[in-house]
Amino acid sequence: MAFYEQHIHEAPKTFLKKYIFSFDHKVIGKQFLWYGIFFLGVGGIMALMIRWALAFPGVAFPLFGQFLFPETGGVIPPDTYSMLFTLHGTIMIFYAITPILIGCFGNFCIPLMIGARDMAFPSANMLSFWVAVASGVVLLASLFTPLGGAAGGWTSYPTLSTLIGSPGVGQTLWTLAIFILGVSSTMGAINYITTVITLRAPGMGYFDMPLTVWGLWLTAILNAIFLPVLGAGCLLLIFDRVFGTHFFLAGAAATSGNGDPILFQHVFWIFGHPEVYILILPAWGIVSDLLSFFSRKPAFGAKATALSMTSITILSTLVYGHHMFTTSMSPLLTQSFMTLTMTISIPSTVFFFNWLGTIWRGSIRFDSPMLFSLGVLFVFGLGGLTGLYLGTVTTDIYLHDTYFVVGHFHYTMAASVLLGGFAGIYFWMPKMFGVMMNECLAKIHFWITMLGLNGVFMGMLLVGYGGMHRRLYNPFWYEFLQKLIPINTFITWSAILMGFAQFFFLYNFIHALIKGKKAEDNPWNVGTLEWTIPSPAPHYNFKEIPVVKCGPHELGNPLLSEGKDFQYQTEELVKA
Amino acid sequence: MLFFDTAKAATTDLNPVQQMSLWDRIQPPVDISANGHKIMDLFNYTTFMVIFFFILVCIGLFGFAYFYSHKRNKKPYYTYGNKKSHKNVGLAFGMAVFILIDCAITIQSNNDLVNTFFKFPKGDDVVRVEIMAQQWLWKFRYPGADNVFNTDDDIVTINDLRLPIDKKVVVQMTAKDVIHSFYLPNVRQKRDAMPGRLSRMWFELKKTGEFDIACAEMCGTHHYIMKGKLTVYSQEDYNSWIEQANKVVKSENDTEDPDLYWGWKWQE
Amino acid sequence: MQSNKVQNIEKVQSSITMIVLLVSFSMLFATLFLGYMVYRVRATVWPPMGMNDLGLVYPLVSTVIIFLSSAAYYLFENKVNSQKINDAKSYLFTSLALGLGFCASQFLVWRDLAIRGITQSSGVFGSMLYGFTWIHIAHVAVGILLLFWMAHKVRGLVQVEYRDMLRVKNVGMFWHFLGLVWLIMFLGLFVF
């Protein structure tokens, strides 16, 4: 591939051009970070409200319960509870993980790590951020409609999500917001794909790219292909709600037409299953790199890891039916989806094994990015294994729509992505903001988060095994759930602990931004291209486009001269 | 305020449950079905395998973190992990996981599906019940003395399902408004009840008693109180209940009311 | 004047972007067709009651118009590539006018369907007829805006640069793509 050098633009001068309407991928990445952190907070508070209602039914929510729910004396009412779990899921997936992992790290890291000066399409990049903001506004607006926000679960199955189950305009606005966000993410995806293919620095073959870029690139490919599928589903749902079409309307409550609610489920999960891989791939990439950097040796089987991530990307398109085992699909279809789902184990085991191989015989430093990466190893190992129960049809018939599923996807999606995201923030803080975070606070943040997180999600696996089903305002209505009350209370206390731990992060982050220790150019002593330029990165990234001469994980080479245990990607590989 | 008062009542009425150990608490509800153990046996096998491999992972994770920390191991082992020996170990590990867990549970589960759960019983000795799920209650329909569904003599109940032990039961269901899911925790099974479609499930009960029926698909504000009661009788008690119900069905059923005829022709 | 090397990269970048973009749009329409195929294969009666005759005249007119619009654009692209700017302008305006004509003919299609008693609430098939064509025309509207933008750029054009040729090619790909989608809809929904 011939190499193409982007021009060095003049630095923007006005406040608006520098911080609000910037074309610079680094600024846009940071904008996505603020956006994502804001919604992470909103989604987190919603989670705490859900947990409060589950552990202490009938008790007013502390602090602002009285203000939000004056009619019930501060107690969360059942219809609000439905909105809470709906929006918690929606916000965490689309408005927290997507902006932070894909919007922030994708934007910030890709050009820097491949040696480019910016994305292929900076204006489309800026547009994708502001479209995401528009989507956020529409979503928040939906909360202030007369009948309230969407309350049909983040999966929004018809006919609950049609006018039959959700008469208000809140559900329509929710669907519209998701569609708009899909447009934003698709724009971003096209940008990332083109950038990785065409703007890699000379000498950087695909397997010389850091695995972080692999993860982000594969995510972008899945996004570009499958977001339009969700878009189509959203449009058809909006048509049903607003223009009187009958795509998903059925049953006695529908006045005519013979639509099929299950069609929506198929369309939704054709998107939905790749979506969960979209959410985890960046974290897998980041962890693969960080484990190598902090073990001071190359990523074990890096090429195999890249290829495994690619095969998981491909296989993820074939397995969506395992979300629908209880919908009485034909037995052949059911069995096929089970078998295909099992095949994903193979590449997953390969790259997981490679993670262990990376730290094996390493010389491990336990800085906070490494602690969080090791945390991902733990939670993803556990969460991934619990997926086996759900991919098997007979066990899934018992476990479907119980808290076992909730525990599974929170371990794999929430815990792994959250820990991976924190690892990324602590790691790239110097390059993004030119300051270092406080290590002591970071370690406290890690341990308390791990403690709380495992309490919450292991607890959920247990109550799910005990049969507790999902989306219940008050589970104690049922005799068979009575004995799980103390475990539910334990989960809530763990969640509160986990929420409390985030204050260590917030304080650390804000303090670092205001008075943090100034960072060196390469505080972690690693050789990927972003560490060859000053911290924080200048607006043009590279004064001269680097020429890549070796891989991204050249650490611990015994032939390196004294005092140095890594090489930059721009240095010739030291061989015997 | 009904739901708040009931919640408080539920939480204070804990006495027998209060004594339970953690181990007892996390056990699934008592299995009253003939085939539920197949699901739980597979669950347990998977758990043994999962724990085994997770222990290996933890040995790797914590062991390597301890023995190969910077303090203990100053010189890292410079390898790309692409030597033949590395690849072989990886392959062996992957194959072990795939064969011992994935293949084993897929084959077992498939067998259970084909030979048990998807093999619907036929014939006269089968108890058939139609279920209409709606916001927010369960309606059950027995065919009555004429053994035909949706006729004047059908026994129709609300939230009240009564079944005999040692007889195969097939339930056929649909939903009136939104998607619900008929969930019998003590039978280890659930099936979605969807508007515009018929779905079905079969099971055989082995223990008498009263058990919960729950809805396992979000169906609106009162999804959480969509509770039914499953009463399992001995065969004699069931027969006398049916006899009794047949006697009063003429006076119970308002044959002028079209809503009575929510049933359908049974699909074999 | 850009060097060949830079032109090459821009060409590659442009092609990759267009491919990904078209894959994305294809997935949107493919999802709609998937739904249609599943519905049609499982329907016991086809066509559904009361929908035997959808009226082929107006849809056929739409098809002809959009085909001609694509043909005009193709000729526009040819003239641009051979630097014949004046000829190019007339072909572009023809293509644009035909594009607007397509939109008009779509309204006629909908009106005709309504006269036959088929609305978007006429069951799933009615929903698909309207819903799919609405989504299509929304994309056509975007295409028309692109053609207007192109007309504006072409108005003051003296010398065609390489970058202009790329732009013409890309907009053309999108426009022809929409024509192809319409053809599939026409054949799938109306004819067969």
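This is a predicted model: local features need pLDDT of at least 70, side-chain atom pairs count only at pLDDT 80 or more; totals for chains, interfaces and linings use all residues.
Let me start with A:Ser328, which is partly exposed, because 19 other C-beta atoms lie within 10 Å of its own; on this scale a residue is buried with 20 or more other C-beta atoms within 10 Å, exposed with 12 or fewer, and partly exposed in between, with the C-beta atoms placed from the backbone. A:Ser328 sits in the loop between H9 and helix H10 (331-343) of chain A, and its phi is near 55 degrees, a positive value in a residue other than glycine.

Residues are numbered from 1 along each chain as its sequence is written, and chains are lettered from A, and ligands numbered from 1, in the order in which they are written. The predictor gives the complex an ipTM of 0.94 and a pTM of 0.94. Chain C averages a pLDDT of 92, with 99% of its residues scoring at least 70, where pLDDT is the predictor's confidence in each residue on a range from 0 to 100.

A:Arg296 is placed in the loop between H8 and helix H9 (302-315) of chain A, and A:Arg296 counts as buried because 25 other C-beta atoms lie within 10 Å. In the loop between helix H2 (25-55) and helix H3 (65-68) of chain A we find A:Gly58, which is partly exposed because 19 other C-beta atoms lie within 10 Å. From A:Gly58 to A:Gly73 there are 15 residues in sequence and 9.6 Å in space, C-alpha to C-alpha.

Now to H7(A), which has 32 residues and reaches 45 Å from its first C-alpha to its last, close to the 46 Å expected at 1.5 Å a residue; that expected span is 1.5 Å times one less than the number of residues. Within H7(A) there is a kink of about 35 degrees at A:Ala224, shortly before the proline A:Pro228, the bend being the angle between axes fitted to the seven residues ending at a residue and the seven starting there. H7(A) is mostly covered, with 30 of its 32 residues buried, and after H7(A) comes A:Gly244, whose phi is positive, near 75 degrees.

How do the chains meet? Two residues are taken to be in contact if their C-beta atoms, placed from the backbone, lie within 7 Å. Of the 2 pairs of chains that touch, chains A and B have the most contacts between them, whereas no contact joins chain B and chain C, whose closest C-alpha atoms lie 13 Å apart.

The contact between chains A and C takes 30 residues from chain A and 27 residues from chain C. H7(A) gives the most to the side of chain A that touches chain C, with 10 residues, and by class that side has 19 nonpolar, 11 polar and no charged residues. Here Ala, Val, Leu, Ile, Met, Phe, Trp, Tyr, Cys and Pro count as nonpolar, Asp, Glu, Lys and Arg as charged, and the others, Gly among them, as polar.

The contact between chains A and B takes 86 residues from chain B and 90 residues from chain A. On the side of chain B that touches chain A, the largest share, 15 residues, comes from H5(B), and the residues of that side divide into 45 nonpolar, 25 polar and 16 charged.

Elsewhere in chain B, strand S8 (residues 199-204) is mostly covered, with 5 of its 6 residues buried. S8(B) runs antiparallel to strand S5 (residues 168-175) of chain B, and 6 bridges join the two; strands pair if DSSP finds at least two bridges between them. One of these places is B:Met173, whose bridge partner in S8(B) is B:Ser199.

I will finish with two cis peptide bonds. One joins B:Gln135 and B:Trp136, with omega about -5 degrees, and B:Trp136 lies in the loop between strand S1 (127-134) and strand S2 (137-142) of chain B. Another runs from C:Trp46 to C:Pro47, with omega near -5 degrees, and C:Pro47 lies in the loop between helix H1 (4-42) and helix H2 (57-81) of chain C.

Methods: Helices (H or I, at least four residues) and strands (E, at least two) are DSSP runs, numbered from the N terminus.
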